[in-house]
Amino acid sequence: MATLLEQVGPESTEPDTGLRPEIVGRNPWALAARRLRRNRIALAALILFLLIVLMSFLAPVYAHDVAHIGNPLAPNLNGTTVAGGKVVPVMQEGTGGLHLGETPIGPTWDPHHYFLGADDLGRDVASLLLYGGRSSLQIGISSAIICCAVATLLALIAGFFGGIVDAVVSRIMDIIWAFPVYLLAICIATELLTHSNGIPVGPLKISADNLWVPTFIIAFAYVSYVYRPIRGQVLSVVRKEFVEAAIAQGASNLRLMFSEILPNVVSTVIVLLPLMIATNILTESALSFLSVGVQPPNVSWGVIIGDGEDLLYTRPWVSLAPGIMIVLTVLALNVFGDGIRDALDPRAKLRVDG
Amino acid sequence: MLTFIVRRTLWTALIMFVITVVVFIIFFKTPGVDPARAIAGRNSSPQILAEIRAQFGLNRPLPIQYLLMMKSLFINRNLVSYSNQGVLVVPEVGAAAPATLSLVFGAAIIWVVVAIAMGMAAALMRGTVLDPLLMIIALIGFSTPPFWAGTVANLISQGGLHNTPLFSWVPPLGYTSFTTSPSLWFRGLLIPWLTLSFLYIGFYARVLRANLIEIQNEDFVRTARAKGLRERRVLIRHTLRNSLVTFVSLFGLDFGALVGGGAILTEVVFGIHGVGFLTYQALTSLDLPTIMATVVFGAFFIVLANAVVDVGYAWLDPRVRPN
């Protein structure tokens, strides 16, 4: 008669964790990075985004060395350029004579001479596109970082201390959020721009065409949007046992917030960051289109689209090119953001795909 | 349920109050804009300016001025614009509202109907080419700046192709009210509707698809099928109702935000003289009363939309109802 042991079979000395051997014992960040590396589409999106950043970074190189333009942002109404082997004026004469009804030249498809044509001030659209990328990307990325940093700090404080602190901060955030985002940004921007000799901030005077003005406006408009999910995360982490354990060990509030809670909340922030950069780039372009974002002489993608409105039916590329760049950049960021979210929380991915 | 509604109404009133105060503070002390001078017009003598100041209460302390403005906005409804002399602000907003509401409601109907259809189709035909296709449409849709989508739509429909049968029915940019000419109203709004809904359709279809797939695995659906119900009945009566929850809450937020501020861009690009366009004009001329009225209009819609979403959410999902 066989004993029970014999029926069960030889015992293995390894504990049966049910996990595949290659992921046992590795920390969650390494696992997330592994999942991200395998997501080809997200990696392609990241590369696309980095390419666009690189192109914008090299804007002065293109303007000075390839297109041979001294100052791409300066109007060039009387200049000439070479198109199809002939020397042509940048602004083609209209029938009016008095420089009326002039049309800038269209795309020459020659990278050395007005690749995408000229805008209504005779400037090279291709160079403007790259310089505009610098402004749009700078504003988008820095406002997203500021927004997420401030929102995380506020969420940590509100979620950790709870009670009246949480109530006050959350109510203020709710009220800011009730204000339509675009309207809030437009209102503040309009108001600030009426100060023609600089915006007084305490002892400083910031000139109206400084790129930090739209940066802070957009960051402010979206703080409450980022605050909510992070606060939710903080609240769920605060209740966990390891926080209780740290308190029992005598950890100070500061250490609790930044050493225990923050690392567990940071994955939410990492997922939100690319999406916020994308949203902020879109918002900045909308503000600039309405002339309350980036101010002349600076240029951004939204500004170029706005300038190209008058030329829409004769020189469509002035408006089309920056828009295509925005779509590509925001698309890349969204796909990459999706990839990061899938990498950090694969269960969500399982839910979505069934 | 009743206390819930009462609390929401009080909260709404508080938010509206704070918004009006914030707008007032933002715009009131703008340098270079003297409301008395703006109302009086050029070449006005100091006496006239003083009279206007007294009449509009411009030399009273700030809180009193705020209260005066609120009174003339809400109670007397005779608030006068600063930049357009003698124009009453409230009727102006009232006249512009139908344009905005036609634009936004039309787009919303298209986007909801098409998104539900696409979402259901994608859920039923899982694993086919429809899935990545939907994903691409969704991603491009919410990666496109709304004003650029409108610009491209204009380029196509008003530009070179305007004389072809494909687009010759498109009237020039602008809005005609329904009462003036229903045909022109429709033709003028069709392209703005399609442009606006394109931005949202893909995303909403994906949300619905994800929820439908998730719910299909729930026990109650299995029970319904085990009871012998037809698949279509299971889909529509049981699955869809539960899947619509996320859809509805997101829709409420987006719709409110659209009326509240997003419509500005579409109206400016398509030349539709609605409330958004009015807001934009008022902002460029720093006309505080008009700005105040249009912002109140926008904020009211957002708050209303949020409240409707919350109530609708509670109706769709009884577990959420406070009892």
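Mentor: Start with helix H11 of chain B: its buried residues pack against H7 of chain A, and also against helix H5 (89-124), helix H10 (231-270) and helix H12 (288-316) of chain B. This is a predicted model; local features need pLDDT of at least 70, side-chain atom pairs count only at pLDDT 80 or more, and totals for chains, interfaces and linings use all residues. Residues are numbered from 1 along each chain as its sequence is written, while chains are lettered from A and ligands numbered from 1 in the order in which they are written.

Some terms come up throughout. Helices (H or I, at least four residues) and strands (E, at least two) are DSSP runs, numbered from the N terminus. A residue is buried if 20 or more other C-beta atoms lie within 10 Å of its own, exposed if 12 or fewer, and partly exposed in between, with C-beta atoms placed from the backbone. Two residues are in contact if their C-beta atoms, placed from the backbone, lie within 7 Å.

Back to H11(B), residues 275-284. Eight of its ten residues are buried, so the helix is largely enclosed by the rest of the structure. Those buried are B:Val275, B:Gly276, B:Phe277, B:Leu278, B:Thr279, B:Tyr280, B:Ala282 and B:Leu283. B:Leu286 follows H11(B) and has a positive phi, near 50 degrees. Most residues other than glycine have a negative phi.

Now cross to the partner in chain A. H7(A) has 13 residues and spans 18 Å from first C-alpha to last. That is close to the 18 Å expected at 1.5 Å a residue, where the expected span is 1.5 Å times one less than the number of residues. Eleven of the 13 are buried, so H7(A) too is largely enclosed by the rest of the structure. The buried ones include A:Leu184, A:Ala185, A:Ile186 and A:Glu191.

In total, 35 residues of chain A are in contact with 40 residues of chain B. The elements giving two or more residues to the chain A side are helix H6 (163-178), helix H7 (181-193), helix H10 (253-289), helix H12 (317-344) and helix H13 (346-353). That side has 24 nonpolar, eight polar and three charged residues. Here Ala, Val, Leu, Ile, Met, Phe, Trp, Tyr, Cys and Pro count as nonpolar, Asp, Glu, Lys and Arg as charged, and the others, Gly among them, as polar.

Next, the core. A nonpolar core is a set of buried Ala, Val, Leu, Ile, Met, Phe, Trp, Tyr and Cys residues joined through C-beta atoms within 7 Å. The largest one has 163 residues, and A:Leu129, A:Ala185, A:Ile186, A:Val226, B:Tyr204 and B:Ala205 touch the most other members. H5(A) gives this core its largest share, 16 residues. A:Val226, leaving aside neighbours within four places in sequence, is in contact with A:Cys147, A:Cys148, A:Ala151, A:Leu272 and A:Met276.

Follow H5(A), residues 125-161, to H12(A). Their axes come within 10 Å and cross at roughly 30 degrees. Axes are lines fitted to C-alpha atoms, for helices over the stretch in contact, and angles run from 0 to 180 degrees between N-to-C directions. On the H5(A) side, A:Val125, A:Leu129, A:Gly132 and A:Gly133 meet A:Trp317, A:Val318, A:Ala321, A:Pro322 and A:Met325 of H12(A). These residues divide into seven nonpolar, two polar and no charged.

A:Leu311 sits in the loop between H11 and H12 of chain A. It has 19 C-beta neighbours inside 10 Å and counts as partly exposed. Beyond four places in sequence, A:Leu311 is in contact with A:Asp120 and A:Val318. A:Leu311 and A:Asp119 are 192 residues apart in sequence, but 8.0 Å apart in space, C-alpha to C-alpha.

Finish with the loop between H10 and H11 of chain A. A:Ser291 lies in this loop. It is not a glycine, yet its phi is positive, about 70 degrees. A:Pro297 is in the loop between H10 and helix H11 (301-307). A cis peptide bond joins A:Pro296 to A:Pro297, with omega about 5 degrees.
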